[in-house]
Amino acid sequence: MPYLTVQTNVADNQITNDFLKQLSAKVAQSLGKPETYVAVHVVAGQKLFFSGTNDPAAVMELTSIGLPTNKTASISKEIMSLFEEKLNIQTSRIYIKFTNIAGNMMGWDKGTF
C-alpha cells in the first residue's frame, strides 16, 4: 500500500496525468510492490522555499508497509530522478521522508492490511 504525497512549488499544469502514471509506476517498481496498491498525491503550486529560494523544489513522504530501510537511498535516487527529468527540479532541492507502517495501522477496503 505505498502512498506517496508530494508538495511542490511547480505550476499545477506541469503535473499531468502522464506524469502521475509514471510516478505511480516508479513507486511500485522501486519498492517491488504491485501498482494496484500504489497511491500518489501531488499538490502543486505551493508556496515553498527551499535553501532560501523559491526555485523549483519538492517535499515528499513515502509511506509503505514493510518499507525496506536498506533500500531508501536507491528509492530516493529513482523517485528524485523522475522529478529532475520531468519537472526540472534539482535533486538537491527535494526531501523525501520515509515512513514504515504496520499493516494494521493502514485502512483499506473496509478493513486494514
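Predicted model: local features only at pLDDT ≥ 70, side-chain atom pairs only at ≥ 80, totals over all residues.

Me: Let's begin with helix 2: what distance does helix 2 reach from its first C-alpha to its last?

Reply: Helix 2 runs over residues 72–87, which gives it 16 residues. At 1.5 Å a residue, 22 Å is expected. The model comes close to that, with a reach of 22 Å.

Me: Which residues of helix 2 are buried, and how many degrees of arc do they cover around the axis?

Reply: The buried residues are I75, S76, I79, M80, L82, F83 and L87. They sit on the same side of helix 2, because their arc around the axis is only 145 degrees. In general, an α-helix has 3.6 residues a turn, so residues three or four places apart point the same way. For helix 2, then, the arc asked for is 145 degrees.

Me: And which residues are exposed on the other side of helix 2?

Reply: To count as exposed, a residue needs over 50% relative accessible area. E85 passes with 57%. The residues exposed on that other side are A73, K77 and E85.

Me: What do the buried residues of helix 2 pack against?

Reply: One partner is a helix, namely helix 1 (17–31). The others are strands: strand 1 (3–8), strand 3 (58–65) and strand 4 (94–101).

Me: Turning to S24, is it buried or exposed?

Reply: S24 lies in helix 1. Its relative accessibility is 10%, and the cut-off for buried is under 20%, so S24 counts as buried. Leaving aside neighbours within four places in sequence, S24 is in contact with E35, V38 and V40. The word for S24 is therefore buried.

Me: E35 has come up there; which residue forms a salt bridge with E35?

Reply: The closest N and O atoms of the pair are 3.3 Å apart, and the limit for a salt bridge is 4 Å. E35 is in the loop between helix 1 and strand 2, while its partner is in helix 1, 14 residues apart. That partner is K21.

Me: How far apart are the closest N and O atoms in the salt bridge of E85 with K86?

Reply: A search of the whole structure finds 2 salt bridges, and E85 with K86 forms one. E85 is exposed, whereas K86 counts as partly exposed at 38% relative accessibility. Their closest N and O atoms are apart by 3.5 Å.

Technical notes
Residues numbered from 1 in each chain as written. Heavy atoms only, no water. Helix = DSSP H or I, 4+ residues; strand = E, 2+ residues; numbered from the N terminus. Expected span 1.5 Å × (residues − 1). Buried < 20%, exposed > 50% of the residue type's maximum accessible area, 1.4 Å probe, protein only. Arc of directions from axis to C-beta. Contact = heavy atoms within 4.5 Å. Salt bridge = Lys/Arg side-chain N within 4 Å of Asp/Glu carboxyl O.
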